[in-house]
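Please have the structure open as I speak.

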Amino acid sequence: MIWLLLASAAADPVATTIATMTIEEKAAQLQSTAPADPKAGLPAYDWWNEGLHGLARNGHATVFPQAIGMAATWDTDLVHRIGDVVATEARAKFNAKPASADRRIYEGLTIWSPNINIFRDPRWGRGQETYGEDPYLTGRLGVAFVTGLQGPDPLQPKVIATPKHLAVHSGPEAGRDGFDVDPSPQDLEATYLPAFRLAVTEGKALSLMCAYNSILGTPACASGPLLNDRVRGDWGFKGFVVSDCDAVANIHLFHHYRLDAAAAAAAAVKGGNDFNCGTTYAALPDAVRRGLVSEAEVDTALHRSLDARRALGIAFGATSRWSSIKPDAINTPANAALALEAARKAIVLLRNENARLPLARTTKLAVIGANADDLGVLQANYHGTAVRPVTPLAGLRERFAEVAYAQGSVLADGAPVVLPETALSGLRASYSVGGREVVTRAERHIDLDLTRVAAAPGLPVTGYVARWTGTLTPPGPGAYRLVLDQAQCWKDCSTHDTATLTIGGRVLHDGALPKGRVDLAWDSDGQPQPIELVLNHASQDETFRLMWLPPEEPMIAEAVAAARTSDVVVMVGGLSPDLEGEALQVQVPGFVGGDRSDIALPFAQQRLLAALKATGKPIVLVLASGSAVAVDPSLADAVLALWYPGEAGGTALADVLTGTTNPSGRLPVTFYKATTDLPAFVDYGMKERTYRYFTGTPLWGFGHGLSYTSFGYDRLTATASVASGQPLTVTARVTNAGRRDGEEVVQAYLVPPRRAGGGLTSPVLQRQLVGFQRVSLRAGKSATARLTIDPRMMSIVERDGRRHIAPGAYRLWVGGGQPGSASGAWTDVTITGQDMDLPK
């Protein structure tokens with residue numbers, strides 16, 4: 001027996017290493033910033049890396065549409081290919097150093113993506129990171145992204161994917177550290193867990209991230225019933241669980257579930273959380289000494305975690321088939337082409353009154369709106385740095401002969417926007433190192449992403465001085481506020497940048513940028529003034545922007561003047577990552593803490609849109625956002641959802657507006673008419689939420705999306721009866737009845753024989769997406785769409801959380817959207833046999 005144990009240890013280098021470690025050394029390796037352990041042969045490794053829609057926060061990378069835009073493609077193959085590129089670029093950067101090199105934050109191969117939470121409420125600022133409101137669509141896209149990241153063999157992953165945030169997590173951002181969610185058993189099983197189940201059982205995800213919130217009184221990162229029983233027991237998960245950052249500390253600081261750090265760390269380990277993003281697991285030695293958790297339990301958590309490094313081929317003498325990927329695999333032409341394909345497919349044509357679109361290239365455009373020329377709107381949150389980003393304004397200028405531009409307004413009252421090119425004439429930038437000028441060039445505005453990249457070729461990443469000079473030309477007299485804005489480095493940072501702003505010979509600011517932002521008053525008589533801005537970039541600070549809050553009247557007047565000279569107005573509005581996102585420090589009308597308090601187009605843009613409408617010019621409204629925006633459709637002839645489109649967003653928009661690309665995106669969320677259509681934001685009950693349970697009339701429904709052509713459906717066939725527990729196959733002929741080539745997204749919805757739920761709080765299921773397929777058709781051509789519906793998608797979830805397949809008569813709709821909103825056809829299906837319970 002002793003020989004067998006020794007042989008087993010010899011065959012398991014992770015176990016052998018753990019056996020030599022002290023409890024303090026073990027605790028150190030269970031924290032996200034793990035130090036080097038020479039005795040164990042482990043270099044320093046920071047487990048935290050991001051790849052939500054491109055490799056993030058570590059210099060140049062291919063930037064794809066934000067996750068909600070990827071979801072709007074309804075294209076699992078595309079999402080899989082995006083995941084593969086993210087993994088390839090992560091490996092390319094990793095392989096640029098020896099495998100034994102220390103890795104700081106955002107340099108590792110453990111990717112904390114995708115976010116597969118359900119976007120249950122459009123007010124949640126982080127909903128942009130998700131694949132929308134439907135569990136099935138989210139699950140299928142989640143599987144595609146996970147398998148794209150990890151590669152074909154989970155035993156030799158390219159990188160490790162980490163679906164997050166398990167579970168029942170979707171705002172509000174304020175209070176998220178101590179928020180307790182009380183989902184019903186029905187909502188938990190029918191809505192909040194299915195995507196995670198798919199990511200584990202089918203996607204074979206090797207890691208999961210537990211959420212900040214509590215579920216039914218127990219912090220998610222200390223929930224044995226969730227992590228041990230459901231995830232590891234019912235789903236067979238074999239990987240490791242990481243906490244959201246500081247979620248273990250929250251167990252005692254905000255949830256008050258335990259009284260101190262040691263007890264919180266013990267509760268997390270015992271509850272099934274393996275390692276801690278943060279430092280609370282430093283208290284594990286104390287927890288072991290106090291008998292709150294055994295060292296054997298700590299060993300189990302550590303083995304799961306370190307085994308991931310072994311599988312990646314970066315520790316314990318292991319090698320990887322992916323170690324040959326070279327740095328030149330980053331930002332390849334193929335990757336850029338994929339980003340453009342994704343941006344094109346993500347655009348949803350919501351309205352096209354009187355076939356206003358597409359536009360002839362000879363059309364004289366007035367491009368209006370703060371989102372028309374903003375880098376952050378392209379890149380969204382959790383992003384890399386695009387090498388050649390194309391804003392909507394830049395893309396439209398490439399395609400149309402005459403383009404006038406005016407910013408027109410801020411996005412929301414009280415929220416600054418980037419100072420536009422129209423206010424900065426003759427802007428020159430000079431970059432110098434050690435007093436020696438290295439680069440001089442013309443720039444249109446001051447909007448830099450400096451995250452581990454040089455601002456210009458020939459410059460170091462940090463340690464230079466940037467100096468901008470030009471003429472500040474306001475649209476009119478009034479009280480202005482200028483804002484120096486910088487996203488400051490927050491980890492391992494000893495210094496921050498300084499800046500000096502001079503206008504008309506008067507120094508408005510000279511010195512540090514406290515908390516990354518300086519607001520400055522500037523009263524203008526409307527006359528041009530010389531401007532000089534000097535940035536001493538001597539730190540790891542990540543962005544730098546010159547922004548403003550201008551008076552409204554001259555801005556609108558400038559936009560109206562541009563509109564009157566045009567044939568068509570293209571207003572690029574919506575939201576921005578400055579307004580919606582993770583735990584933002586923003587509180588202006590309609591927005592608080594990163595979330596929204598009102599889903600309507602912000603008032604500042606409503607006033608601008610009304611003024612443009614009054615000119616009588618045709619209006620194309622382009623909504624750049626990460627969530628649904630309620631608008632009055634009568635104010636625009638055409639409306640498109642651009643989302644946050646990634647590096648190629650401007651090119652993709654121009655392609656769609658000119659008809660070079662036929663729009664084919666479909667909504668992954670419901671666009672409600674007003675905030676009053678929604679239950680309370682803090683209510684996690686699904687009653688009257690999402691298309692599955694909403695009984696009202698939406699502005700535009702889930703699955704909606706128009707085309708420049710039309711599609712018809714016939715020859716719908718499905719097995720008339722199917723035995724309980726067996727898959728259902730359905731086919732339909734889809735015909736492109738128009739004059740343009742196009743892509744249709746075939747959608748199948750199942751209506752159960754009786755509506756599960758009901759009562760005061762339980763939702764009543766209206767219909768459920770059970771299948772979808774993209775079909776590309778030339779004008780006048782037909783093809784057969786074939787969908788195989790998994791038996792689990794034909795199940796019903798009762799109020800007690802029991803999932804079962806009930807015999808009876810079902811109705812199945814197959815079409816280009818939900819029943820009644822697009823062309824399609826119904827068929828009847830009968831499930832025969834016995835009522836069948838399904839596993840959790």
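Let me begin with strand β11 and strand β12 (residues 402–406), which run parallel and are joined by five bridges; strands here are DSSP runs of E with at least two residues, helices are runs of H or I with at least four residues, both numbered from the N terminus, and two strands pair if DSSP finds at least two bridges between them. Before I go further, this is a predicted model, in which local features need pLDDT of at least 70 and side-chain atom pairs count only at pLDDT 80 or more, while totals for chains, interfaces and linings use all residues. Residues are numbered from 1 along each chain as its sequence is written, and side-chain values use heavy atoms, with hydrogens and water left out.

Within that pairing, V367 has Y405 in β12 as its bridge partner. β11 also pairs with β24, in the parallel sense and over four bridges, and there L365 stands opposite V568. How many of the five residues of β11 are buried? Four of them are, so this strand, residues 364–368, is largely enclosed by the rest of the structure; buried means under 20% relative accessible area, exposed means over 50%, and partly exposed lies in between, with a 1.4 Å probe and protein chains only.

That brings me to S566, which sits in the loop between α17 (552–564) and β24 (568–574). S566 counts as buried, because its relative accessibility is 3%. Its side chain reaches the backbone oxygen of A563 at 2.7 Å, a polar contact being a pair of N or O atoms within 3.5 Å where, within protein, one must be able to donate a hydrogen and the other to accept it, and where residues adjacent in sequence count only if both atoms are side-chain atoms. Leaving aside neighbours within four places in sequence, S566 is in contact with K364, L365, A366 and K617, contact meaning heavy atoms within 4.5 Å.

Elsewhere, three strands form an open antiparallel sheet in the order β30-β32-β35. β30 (711–718) and β35 (782–789) are its edges, and each has a single partner strand, so one side of each is left without a neighbour in the sheet. β32, residues 728–736, pairs with β35 over eight bridges in the antiparallel sense, and T731 has R786 in β35 as its bridge partner.

Finally, the charged pairs. The structure holds 51 salt bridges, each defined as a side-chain nitrogen of Lys or Arg within 4 Å of a carboxyl oxygen of Asp or Glu. What is the distance between the closest N and O atoms of E421 and R397? They are 2.4 Å apart, and the pair links distant parts of the chain, with E421 in the loop between β13 (417–418) and β14 (424–433) and R397 in helix α16 (residues 392–399), 24 residues apart. E421 is buried at a relative accessible area of 17%, whereas R397 is partly exposed at 33%.

D828 and R811 also meet in a salt bridge, at 3.1 Å from N to O. Because D828 lies in strand β39 (residues 824–832) and R811 in strand β38 (residues 808–815), the pair ties together parts that are 17 residues apart in sequence. Lastly, salt bridges that share partners join D75, D77, R81, E341, K345, E743 and R774 into one network.
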